[in-house]
Structures are given as structure tokens and as C-alpha cells.
Amino acid sequence: MSEIALYTKDLSVYYGEKQAVKRVSMAFPSRQVIALIGPSGCGKSTFLRSLNRMNDLIAGARIEGEIWIGNDNICDPQTDVVQLRQKIGMVWQRPNPFHKSIYENIAFGPRYHGVRKRAELDEIVETTLRKTALWDEVKDRLHQSALSLSGGQQQRLCIARSLAVKPSILLMDEPASALDPISTSKIEELIAELKKEYTIIIVTHNMHQAARISDKTGFFLLGDLIEYDDTQKIFTNPSKKSTDDYISGRFG
Ligand SMILES: Nc1ncnc2c1ncn2[C@@H]1O[C@H](COP(=O)(O)OP(=O)(O)OP(=O)(O)O)[C@@H](O)[C@H]1O
Ligand SMILES: [Mg+2]
């Protein structure tokens, strides 16, 4: 049995009266890649964002249920969300680097969390850029704007930025959907590498991608978690008809 990095118990998310996520209970094993799939509007992003309380930032959004990391239920109002988001990083669909230099994009988080020494920041910048396979591409231009990078490089920079504050879990919402095929395969290789150290929960619309990169897959439909199992099982022998219909492209 692998260790569980995070689990939800009967997690519901509402926008006003509308229930977007319906009592989802899901456990995420450490150092695995877990894919969340399902048709547009089924609540994948909403569920993902709730895992580090990003929904708090949306007016009218409300959570019910529990999200456990070790002995902490992070839905508890006492939770320090800054610390939580340090532990659980997020990478968005469109690369969103700060309008700052490559170096400053990465140094920003550690500095915010109290790292002051230049040598220490230099070290974090180099290590995280190496982890995301960007170092050789950018080491001579660290002080140029992050916006001078290609889309794929920007996305790897955003991943490096989230790694810089030393999280243990990474949430990724369609991190490659805005990228070309070569950049996409670089992101996929990177995810395979990162899972040695991190638990990665990724939303994807690309069935081939889910099948290639994930260990477990959860299929959502209209806010319900329909089926959650080993990726191999989901893609070869799903238990539910609607899962089968979705992965074989009959709807969605
Ligand atoms: N900020 C919001 N305010 C109100 N309703 C929202 C908000 N964000 C999402 N919703 C609604 O909640 C439901 C789930 O949306 P969500 O974005 O989580 O779906 P999704 O599965 O990520 O879809 P997609 O695959 O298109 O990204 C949808 O009906 C959506 O319209
Ligand atoms: Mg979404």
C-alpha cells in the first residue's frame, strides 16, 4: 500500500445554489500521477481548485466536506492558506509568468516565504530550472523578461516557479492544452520525472495523455465522480458504461 498524500471525503462545491461537485471522496497516493477526466463543465477544475482552497478567491463559491493532508482537514477555517498553497502548488492551463525576469519569477515565492540570501536564491533558481529541463535553455538570459520565452518554455517556467517553494503536491489544470505537440511531450516527460518526488493531480481532456502519463484516473460527470481506478483498468476495462462511452469518444 502506498502512502496517501491527500484525500477528500464527501467533498461538495457550490457556486451559489448550483452544486458543481457532488460529495466526491477520492484518495491520492503519494508520488503518483492522478488524471481527472470528463466532459466540459463536469467540475474537474472546480474540484482541483478546491484542493488548495483556490475557490476561496471566487465570490459565491462554498465548500462542504473534508480534505485531509495527514492529520489536518484543510477545509478548517483556521487553515493557513498561504502555507497550504506552499505545500500544494498549482499550474494553470495558460502559462501565466509574472511580468518579471526569468530569475525573479522563481525567486518571488521563496523570497515571500523568507529566503533572503542571494546565494540561496541563486541555488533555488538553478535547481528548479534544472528540474524542469530549462536551465540549459535560459542560463545565459536569467535577467531577461519571462515573456521573451516561448509558450512551452513559459509553462515549464511556471512549473519551476511552483516547485521553488518546495511543495509536495502539484495541481495541474490542462497544463499542455495551449501548447504545440513538442512542448506537450516535454511537459509529459517532465511530469514523469517529477513524480519521483511529487504527487501530481492533473486535469486533461486528452485521453491519450491521461493513459500515457497517469497511474490512476478519475472520471467525472455532472459533478459526480463516476469511477476512479488504476489508469490501466479505466482505459481497458472500465466498470461503468458511461466511463466506457466517454473514453471511447461516444460523448463529451
Ligand atoms: N466562478 C464560477 N461561478 C459560477 N459557476 C461556475 C464558476 N466556475 C465554474 N462554474 C460552473 O461549475 C460547473 C463546473 O465547472 P468547471 O470549470 O469545474 O468544469 P470543468 O470540468 O473544469 O470544465 P472544462 O473541461 O470545460 O474546463 C460548470 O457548470 C460551470 O459553469
Ligand atoms: Mg476546467
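The structure holds 16 salt bridges, where a salt bridge is a side-chain nitrogen of Lys or Arg within 4 Å of a carboxyl oxygen of Asp or Glu. The model is predicted, so that local features need pLDDT of at least 70, side-chain atom pairs count only at pLDDT 80 or more, and totals for chains, interfaces and linings use all residues; side-chain values use heavy atoms, with hydrogens and water left out. Residues are numbered from 1 along each chain as its sequence is written, and chains are lettered from A and ligands numbered from 1 in the order in which they are written.

Let me begin with one pair. Asp 230 and Lys 216 are joined by a salt bridge between their side chains, with 3.4 Å from N to O. Helices (H or I, at least four residues) and strands (E, at least two) are DSSP runs, numbered from the N terminus. Are these two partners buried or exposed? Asp 230 is partly exposed, at a relative accessible area of 38%, and Lys 216 is buried, at 16%. For these words, buried is under 20% relative accessible area, exposed is over 50%, and partly exposed lies in between (1.4 Å probe, protein chains only).

The next salt bridges centre on Arg 250. Which residues pair with Arg 250? One partner is Asp 244, with 3.7 Å between the closest N and O atoms. Another is Asp 245, whose side chain meets that of Arg 250 at 3.0 Å, N to O. Arg 250 itself is exposed, with a relative accessible area of 55%. Asp 244 is partly exposed, at 32%, while Asp 245 is buried, at 14% relative accessibility. Through shared partners, salt bridges connect Lys 241, Asp 244, Asp 245 and Arg 250 in one network. The general principle is that side chains of opposite charge can pair when their charged atoms come close.

I turn now to ligand 1. Around ligand 1 there are 15 residues, and those that come nearest are Ser 40, Lys 44, Ser 45, Thr 46 and His 205; a residue is near when one of its heavy atoms lies within 4 Å. Which elements supply at least two residues each to the shell around ligand 1? They are β2 (18–29) and α1 (44–50). Of these, α1 gives the most to the shell, with four residues.

Side-chain contacts with the oxygen atoms of ligand 1 are as follows. Ser 40 places an N or O atom of its side chain 2.5 Å from an oxygen atom of ligand 1. For Thr 46, a polar side-chain atom likewise lies 2.5 Å from an oxygen atom of ligand 1. For Lys 18, the distance from a polar side-chain atom to an oxygen atom of ligand 1 is 3.4 Å. On its own, ligand 1 has 630 Å² of accessible area, and the protein covers 64% of that area. Such areas come from the Shrake-Rupley method with a 1.4 Å probe. A polar contact is a pair of N or O atoms within 3.5 Å; within protein, one must be able to donate a hydrogen and the other to accept it, and residues adjacent in sequence count only if both atoms are side-chain atoms.

Within the protein, consider Thr 204. Where does Thr 204 lie? Thr 204 sits in the loop between β8 (199–203) and α8 (207–213), and Thr 204 is buried, with a relative accessible area of 2%. A polar atom of the Thr 204 side chain lies 2.9 Å from the backbone nitrogen of Asn 206.

I close with three further residues. Val 125 is placed in helix α4 (residues 118–131) and is buried, at 1% relative accessibility. From Val 125 to Trp 135 there are ten residues in sequence and 9.0 Å in space, C-alpha to C-alpha. Phe 108 is part of helix α3 (residues 102–112), and at 39% relative accessibility Phe 108 is partly exposed. Ala 59 occupies the loop between α1 and β4 (61–69), and Ala 59 is exposed, at 79% relative accessibility. Ala 59 and Gln 32 are separated by 27 residues in sequence and by 32 Å in space, C-alpha to C-alpha.
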